[in-house]
There are 2 protein chains.
Amino acid sequence: MTETITDKKEIVVGIDIGGTNTVFGIVDLNNNILFENTFKTYPAKGAEDFFGRLACIIKESYNKLPDKYILSGIGLAAPGANYLKGTIESSVNLKWENVNIIKMMKKHFDIPIAILNDADAAALGEHVLGVAQNMKNFIVLTLGTGLGSGIFVDEHLMRGENGLAGELGHIIIEEGGRECTCGRSGCLETYVSANGIKRTVSYFLSVSGLKSELKNISFNELTSKNVYELALINDPVALEVFIYTGKILGKALANVVTVFNPEAIILFGGIADSNELLLKPTNFYFEKNLLNFYKGKVRILKSGLQNGKAAVYGACEFAKQLMTKKMINV
Amino acid sequence: MTETITDKKEIVVGIDIGGTNTVFGIVDLNNNILFENTFKTYPAKGAEDFFGRLACIIKESYNKLPDKYILSGIGLAAPGANYLKGTIESSVNLKWENVNIIKMMKKHFDIPIAILNDADAAALGEHVLGVAQNMKNFIVLTLGTGLGSGIFVDEHLMRGENGLAGELGHIIIEEGGRECTCGRSGCLETYVSANGIKRTVSYFLSVSGLKSELKNISFNELTSKNVYELALINDPVALEVFIYTGKILGKALANVVTVFNPEAIILFGGIADSNELLLKPTNFYFEKNLLNFYKGKVRILKSGLQNGKAAVYGACEFAKQLMTKKMINV
């Protein structure tokens, strides 16, 4: 008897396209991880270049797997992705305007392809496999190059009229504040994100006379990881930067709770890994600014998924939903 | 053959309990209005007094109707009402802490009684009978003594973990701003509401040297209607007050759009009736502060229901849903 397609074990690939790195994973339908990898996004090289490289890397990785597997679906998570249209519409960090991801991927793969916002993917991942498994109302903040958010309202991933709901990174928290890539000023993302942290370093180097190792690193060389490592060895400016960031984040999250009445807020991504350095001031200013009813009731949690793979798993989940439920996004 | 209950035509009463006035209406199951009335809430006299008066007024009104009708359900809309518990939990304008409305009404009526937040009721009313009849994503702001909001997300009235989602009146828009009845400072409601308008009058009388009829009216005597009427005859301070209020409202609504991606925002209640005086500056600062993607796409509308009865109709609708769907709120 010859082997048929039904003897094969279906697998899906989930991809989280970040402004700096792209992470992807291959899982079977029971969420067993078969392969994981990371490569540089290099968004400035353009979308065509990126999706060409991505297709090669997926095919290479797939070919390394045993012959019993068959790739049946792809889920792509990207900032500014619009699941209704299959496009990246307004990604200020990738700067790929109106790129139709589905079309680009269909050049390389003739299987169902699902796309969704990276933060929505993270929320879906946390709901399926992470700390939000039994939660009906929760918010996932992705703290990477920018700040994204995915929001579950009454057991439902919030979408909005154009699939763009939940852009907490672009709520204006300071009138006339820092210039934002969106063309306005004072957006939360300009303060609370890897890039926001770098700007806050510059701010403290301007206003404070404290000694700091940060004075030896140029803006472009600096990463939020540098700031974290210096804070761990008590660099005074690095410590101030985390308190300042946590204060802004805590106050903003208190407003977010007033709006959404969630059970928890989950932090995901690079600077969320700064642990107590960010969480402690965030929690302090969060509790201080909450409506009385909520004080002590709403938890701020870190992503429950190893290596911050929530968006990758969420993208896999969305691909599986597309394959089984015949969703419109094909 | 004797008349049975099935020969009777079922009707429901919907009640919108405001900080100043209580409005109620009796409708049949096809939303034909049979009776409407308004009376003073006098919240300071306490909840027991209020619900006693309310029961009398409902019974009187019902008795005036032809014998063919039978009262089958009651829907109550109140600020701070929690539909999950049947209580008023956090109404800063009624100041009835933890009042169990269902129990109070059950003393007088042995029929299904539904309660919901007044702003949620307004949103439901607009969805069933008003300008939001075909909308999936919209926000209703109730501009009365306070500022409430009811939010439809993806065709679903947003509830949240404790039934308290959507309290846009208590998002903090100005750090260290005006003291709020919630115990914090700078809440949107302290600027954009009937009471907020009075406080803004005082603010302009403090900073401006302009002549104004408003200098002849004490804070306690003043109503937002006074300010409106004076603005119509070009009182310079009254005009400034509307521009100031619209600026704050417009900027806040731009952030709200970033969060919810709605099709429209609907203004409902007393100061929403100030027409162009409020709408013009609101629209200007709204468009100015929107993310580029949304500019020119999101409408700010006035309630489509005559005499601002959205919450009354919404309460009726909720009572009908309770009667037919056997919801938990009995």
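Author: Leaving aside neighbours within four places in sequence, A:Ser72 is in contact (heavy atoms within 4.5 Å) with A:Glu10, A:Ile11, A:Ile111, A:Pro112 and A:Met323. This is a predicted model, in which local features need pLDDT of at least 70, side-chain atom pairs count only at pLDDT 80 or more, and totals for chains, interfaces and linings use all residues. Residues are numbered from 1 along each chain as its sequence is written, chains are lettered from A and ligands numbered from 1 in the order in which they are written, and side-chain values use heavy atoms, with hydrogens and water left out.

Reader: Does A:Ser72 count as buried or exposed?

Author: A:Ser72 lies in strand 4 of chain A; strands (E, at least two residues) and helices (H or I, at least four) are DSSP runs numbered from the N terminus. Buried means under 20% relative accessible area, exposed over 50%, and partly exposed in between, with a 1.4 Å probe and protein chains only. Because its relative accessibility is 10%, A:Ser72 counts as buried.

Reader: How many bridges join strand 4 of chain A to strand 8 of chain A?

Author: Two strands pair if DSSP finds at least two bridges between them. In strand 8 (residues 113-117) of chain A, five of the five residues are buried, and A:Asn117 of this strand stands opposite A:Ala78. Strand 4 (residues 69-78) and strand 8 of chain A run parallel, and the number of bridges joining them is five.

Reader: Which side chain does the side chain of A:Thr22 join in a polar contact?

Author: A:Thr22 is found in strand 2 (residues 21-28) of chain A and is buried, with a relative accessible area of 0%. Not counting residues up to four places away in sequence, A:Thr22 touches several residues, among them A:Ile15, A:Phe39 and A:Phe50. A polar contact is a pair of N or O atoms within 3.5 Å; within protein, one must be able to donate a hydrogen and the other to accept it, and residues adjacent in sequence count only if both atoms are side-chain atoms. At 2.8 Å, the partner of A:Thr22 is A:Thr41.

Reader: Against which helices do the buried residues of helix 4 of chain B pack?

Author: Helix 4 (residues 194-207) of chain B has 14 residues. Its buried residues include B:Ile197, B:Val201 and B:Phe204. The buried residues of helix 4 pack against helix 5 (224-232) and helix 6 (236-260) of chain B.

Conventions:
Expected span 1.5 Å × (residues − 1).
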